[in-house]
Structures are given as C-alpha cells and as structure tokens.
Amino acid sequence: MMSIGLLMSSVSSPDSSPPQPTERTPSNLTQRLITSAVVLPFVLIATWLGGIPFMVLSGAMALVGLIEFYLLASGRYSQGSVIIGVPMFIAIVLAFYLQQDALWLGALIAGAVAALILETVRHPNDFRRSLIQTGMTLFGVFYLAFPTGFLSATRGLPEYGLVWLLWIFALTWGTDTMAYIGGRLWGKRKLPPTLYPKKTVEGAIVGIFGAWTPALIILGLNGLISPATLLITAIAPFVAIAGDLIESYMKRWFGAKDSHIRGLDILPGHGGVLDRVDSLVFVTTFVYFGMRLLSVI
C-alpha cells in the first residue's frame, strides 16, 4: 500500500508533469536579416534623395551612436558629456550640409570651452578629471559628427555625389557583410583574440574581396576608375577592419558587450548603432580626405 501511495504521489506531483514548450527566439543571423530588410530600404531611399532626407536620417542614426558612445563610460572617470556633445554634433553636421566651415569651427571651439567649464564646475577639486571628460566629449564628436558631416558633403557633390556615396557604402558594407558570411562558412584560423575575438583570417579575406568587387563595379559603370580611386579602393577594406577593431577595443575597455542604449534596441541582431557604423565612420573619413588629397573631387 505504501508503494502504491508513493507511486500515486509521484504521478500527481507537479514536477512530473509534461514539460511545457519553451518559446524559441530568433537566431542572431535571423535577427540581422530581418533588421536589414526593414532598415536598408529607408537608407537607400534617403541616399537616393540626398539633401535634407539623407542628412536627417544619417544624422539621427549617428546621433544615437554618439549617445551610445557617451553611455559606454556611464559613471566612469572618463565619461563624456551628452549635454555638450549633442548640440555640437548637430551644429557640425548642419555646417557640412550648408557648407559653412565657420559654423563647425565655431561649434567646436564653443563646445570645447563649454565642456571644460561644465566639467570644472562638476569636479572643482579634480582638474585632471575635468580635462579627461572634456577630451572624451570632444573625441565622441570627432568620432561621429565629422564623418556624418563628410557623408552629407559627399552626397552633395555635383554630378557624382550619389555614386561616391554608394562607393563608400560598398567598401564598408561589402567588408562587414562578406567578412561575417565568410567567417561563418569557412572560418577556421582565428585572428589574434586580443584584437579580434571570434574573427577569422578566412572571414577577413572574404570581406576584403567582398568590398573590392562591388566598389570596382560601381566605379567602372560610371567611368570613374583612375589610379587615385584604385588606390583608395585597395586600402579602404583594411580601414574598415581597423574601424571594427577600434570599436571592439573601446567596448572591451569600457567592459561592454555591445553599445546599444538599454531599452532602445533599434537594430536587433546588430548590437547598437555604434556597432553598425564603426567601420563606416573610418571608411568615410579615409575616402573623403583621400579624394581631396588626390584631387579626385
């Protein structure tokens, strides 16, 4: 009787009930594809239209990235100022759109002075900390505001502005996307983990060729192949990889897994905006100055 009672109690026990099906979450790759399918059309439409639509969309995305950058150091000794950085960012992007060099220069000087005053008031007994936080505020602006301004200035170039911008996108997205795909399909040999955790040699090679191919097609179709554009094209994928490396290092230095703002995951599967534009800001800057130094534009 006792054994029957024990058997009945085990059958009726909640622990013995059939396991409930667990909700399956989409894989990272699936999330990436869905996000890209939703966001990419808006980016391409704004790129095609140029002007204010492109400036607003690119500026809004980069502004979120700027806030993410400042929040990486939240509560730390080196945290920059969102209050100063955001107005500086807006003024600098507008300055490049309006082609007013005096405006971005004035915004940079005024912002630097305002940041130093603000941080000195916050930390009257620690001038070193005030200098570091002022420097971090300015670094965020240089890191994101100026490349965003360069994008608007490039799109606004006469005749080939759209082509140059698509060239920049091909060099950046070709490297990032194909490196990701190449690493997943063929990646075996790891790059130095202290530099590139989870990245592979095979992925990097596929990424480089994945950038060169569409970039050369864009140049060729528009009759823009020259020694200068070939040189820029050859180097740009390595700049994209370096941009990814620097952003990854910053996240490790701040002890962050990704850069998205808590409660504002606008790019599911991609981390934060900063994780998506890390290569773009470096490639844009490199291409913009490369074209000017080599008299392409």
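Start with a pair of side chains: Glu119 and Arg122 form a salt bridge, with their closest N and O atoms 3.6 Å apart. A salt bridge here is a side-chain nitrogen of Lys or Arg within 4 Å of a carboxyl oxygen of Asp or Glu. Keep in mind that this is a predicted model, where local features need pLDDT of at least 70 and side-chain atom pairs count only at pLDDT 80 or more, while totals for chains, interfaces and linings use all residues. Residues are numbered from 1 along each chain as its sequence is written, and side-chain values use heavy atoms, with hydrogens and water left out.

**Salt bridges**
- Glu119 and Arg122 sit three residues apart in helix α5 (residues 101-122), so about one helical turn separates them.
- Glu119 is buried at 0% relative accessibility, whereas Arg122 is partly exposed at 44%. Buried means under 20% relative accessible area, exposed means over 50%, and partly exposed is in between (1.4 Å probe, protein chains only).
- How many salt bridges does a search of the whole structure find? It finds two.
- The other pairing to look at joins Glu202 and Arg189, at 3.0 Å from N to O. Glu202 belongs to helix α8 (residues 201-221) and Arg189 to the loop between α7 (161-186) and α8, so this pair ties together parts 13 residues apart in sequence.
- Glu202 is buried, with a relative accessible area of 15%, while Arg189 is exposed, at 54%.

**Overall build**
- The protein has ten helices and zero strands. Helices (H or I, at least four residues) and strands (E, at least two) are DSSP runs, numbered from the N terminus.
- Of its 297 residues, 42% count as buried.
- Taking contacts between residues at least 6 apart in sequence, 71% join residues at least 24 apart. Contact means heavy atoms within 4.5 Å.
- The accessible surface comes to about 16,300 Å², and carbon and sulfur atoms account for 71% of that. Accessible areas come from the Shrake-Rupley method with a 1.4 Å probe; for residues, only the protein chains shown count as cover.

**Helix α3 and a buried serine**
- Helix α3 has 22 residues and reaches 32 Å from its first C-alpha to its last, close to the 32 Å expected at 1.5 Å a residue. That expected span is 1.5 Å times one less than the number of residues.
- Among the buried residues of α3 are Phe54, Met55, Ser58, Phe69 and Tyr70.
- Ser152, in helix α6 (residues 127-155), is buried, at 6% relative accessible area.
- Which residues does Ser152 touch, leaving aside neighbours within four places in sequence? Its contacts are Phe54, Met55 and Ser58.

**A nonpolar patch**
- Ile52, Val56, Ile90, Leu94, Tyr97, Leu98 and Leu103 make up a nonpolar surface patch, with about 580 Å² of accessible area together. The elements giving two or more residues to this patch are α3 (51-72) and α4 (82-98).
- Patches are made of residues with over 30% relative accessible area and no salt bridge; like charges are joined within 9 Å, and nonpolar side chains (Val, Leu, Ile, Met, Phe, Trp, Tyr) within 5 Å.
- Helix α4 gives the largest share of the patch, four residues. Leu98 lies in α4 and is partly exposed, at 48% relative accessible area.

**Confidence**
- Mean pLDDT is 85, and 82% of residues reach 70 or more. pLDDT is the predictor's confidence in each residue, from 0 to 100.
- Over residues 1-25 pLDDT stays under 50, and the model has two contacts beyond four places in sequence for them. Where pLDDT is low, the predicted coordinates should not be read in detail.
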